[in-house]
Amino acid sequence: MKVLLLGSGGREHALAWKLAQSPRLSRLICGPGNPGTARCGTNVPLQADSPEAVVSLARREGVDLVVVGPEAPLVAGVADALAQVDIPCFGPVAAAARIEGSKAFAKEIMAEAGVPTAAFRVFTDAAEAEAYAVQQGRIVVKADGLAAGKGVIVAPDAQAARDAVRAVAALGQAGQRMVLEELLEGEEVSLMALCDGERYVLLPLSQDHKRVGEGDTGPNTGGMGAYCPAPFLTDEALVRVGEQVIAPTLAVLRKRGTPLRGVLYAGLMLTAAGPKVLEFNARFGDPEAQVLMMQLDEDLLPLLHACATGTLEPRTLAQHPGASVGVVLAAEGYPEAPKKGQRIEGLEAVPFNAPVFLAGVVKQEGALVTAGGRVLTVCARADDLGKARERALASADLVRFEGKHFRRDIGARGLRTRP
């Protein structure tokens, strides 16, 4: 099978790494890819969120499956354009991808599906939103549209709530409409399911670490690391969440004529009253994808193809024993103003069995240099979470670039918990 993988981040390098292991793969094309995906397949210049450009490349190369990594191509309608020329796509059509592209739409779907979630209100007037936020005090303010990880602000008091509304309103188009919802308390985890529009299989529960500083301090980021499996739900409880969250959401989207074929990502808060959905995404999380690909103990390619063609067989996926941990190495100044152009060294010292997935990295004059906020993710797998953490952190220490910073507490909460 010839596969075209869209995207250029750490998530896409991890997907390329996993797909390249498939005996069913004949060729992997990455558009546009990065220096990491180039080791797994062939990089080609491509505007991944242009439906016309993607269709043109897919037809020219005769690809059998397109795998979409990031959300922008989905919202832009890449899957719709591929459907028109009968090229299978792992990734939903734009109408289904609205579940990520619009926070208000996602809440509408949750309400129709009976999915447990936080109480909320939708505002289009910033002054009204500000008055409501100040009245509530403790609240979460969300931009309705995509905002590159900057559209969700947790406000613990009235002053912070006022500032949050103003910050979201200043995001431009994404913040023209905003969702204000109750602030839930509990453990936040990520549940992802591979879906063919009707059926689904659950990936291991994972936990992302969104704050830039240790102990969950500082501003939110795109994610400073992740691990899986997260030990906060038993296998039986995980199955129940699938039945209460994933299944009814897929049913509503299918009833609307926009089945979701790809990943349905449910960000969950495990509250005292049970799991509640914080948000939906329509693609793999990053950096969760990196540890999920490490943990999955079976061929990814037939699973993605089955989702794209509506032939998925519901079952329990095989995973490696133990746990996988990924630590993100970020550039100086991230997340506000990351410095770029720093030479990256020490990668050759990282053990072969501890993959490094490149993200904000480019090649200049034969050397790898930083080109984004989240530079790379150092991963490790071991027979228990503690050992996996030790290996990942040891590898993180081996990689060098000026201004490098990372969290040493990735996965620490998992060590303190048993399901």
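The model is predicted, so local features are reported only at pLDDT of at least 70 and side-chain atom pairs only at pLDDT 80 or more, while totals for chains, interfaces and linings use all residues. Residues are numbered from 1 along each chain as its sequence is written, and side-chain values use heavy atoms, with hydrogens and water left out. Helices (H or I, at least four residues) and strands (E, at least two residues) are DSSP runs, numbered from the N terminus.

**Domains and annotation**

- The domain assignment, whose bounds come from an automatic or database source, divides the protein chain into domain 1 (2-93), domain 2 (125-176), domain 3 (186-309) and domain 4 (323-416).
- The centres of domain 2 and domain 3, taken over C-alpha atoms, are separated by 25 Å.
- An unreviewed UniProt entry places the feature "domain: ATP-grasp" at residues 107-309; UniProt positions are given in the numbering used here, feature names are shortened, and annotations may be inferred rather than shown by experiment.

- Five strands form an open sheet in the order 3-2-1-4-5 with parallel pairing, where two strands pair if DSSP finds at least two bridges between them.
- The edges are strand 3 (42-43) and strand 5 (89-90), each of which pairs on one side only.
- Strand 2 (residues 27-32) runs parallel to strand 3 and is joined to it by two bridges, and Ile29 stands opposite Thr42 in strand 3.
- Helix 2 (residues 51-61) packs on this sheet, touching strand 1 (2-7), strand 2 and strand 4 (65-68), and its direction makes about 160° with that of strand 1; here contact means heavy atoms within 4.5 Å, and angles run from 0 to 180 degrees between N-to-C directions, with axes fitted as lines to C-alpha atoms, for helices over the stretch in contact.
- Helix 11 (residues 300-309) also packs on the sheet, where it touches strand 1, strand 4 and strand 5, and its direction makes about 95° with that of strand 4.

- A second open sheet has four strands in the order 6-9-7-8, with antiparallel pairing.
- Strand 6 (120-123) and strand 8 (152-155) stand at its edges with a single partner strand each, so one side of each is left without a neighbour in the sheet.
- Neighbouring strands of this sheet are turned by 20° against each other on average, direction ignored.
- Four bridges join strand 7 (residues 139-143) to strand 8 in an antiparallel arrangement, and Lys142 has Val152 in strand 8 as its bridge partner.
- Helix 8 (residues 158-169) lies across strand 7, strand 8 and strand 9 (178-181), running at about 5° to strand 7.

**Contacts of helix 6**

- The axes of helix 5 (residues 94-101) and helix 6 (residues 103-113) come within 6 Å and cross at roughly 105°, and the two helices are therefore roughly perpendicular to each other; angles under 35 degrees count as roughly parallel, over 145 as roughly antiparallel, 65 to 115 as roughly perpendicular and the rest as oblique.
- In this contact, Ala95, Arg98, Ile99, Glu100 and Gly101 of helix 5 meet Lys103, Phe105, Ala106 and Ile109 of helix 6.
- Helix 6 and helix 9 (235-255) have axes that come within 9 Å and cross at roughly 105°, which makes helix 6 roughly perpendicular to helix 9.
- Phe105, Ile109, Glu112 and Ala113 of helix 6 make this contact with Pro248, Thr249, Val252, Leu253 and Lys255 of helix 9.

- Most residues other than glycine have a negative phi, and most peptide bonds are trans.
- The peptide bond from Cys228 to Pro229 is cis, with omega near -5°, and Pro229 is found in the loop between strand 15 (225-228) and helix 9.
- Tyr334 and Pro335 are joined by a cis peptide bond with omega of about 10°, and Pro335 is found in the loop between strand 18 (323-330) and strand 19 (356-358).
- Asp86 is not a glycine, yet has a positive phi of about 60°; Asp86 is placed in the loop between helix 4 (78-84) and strand 5.
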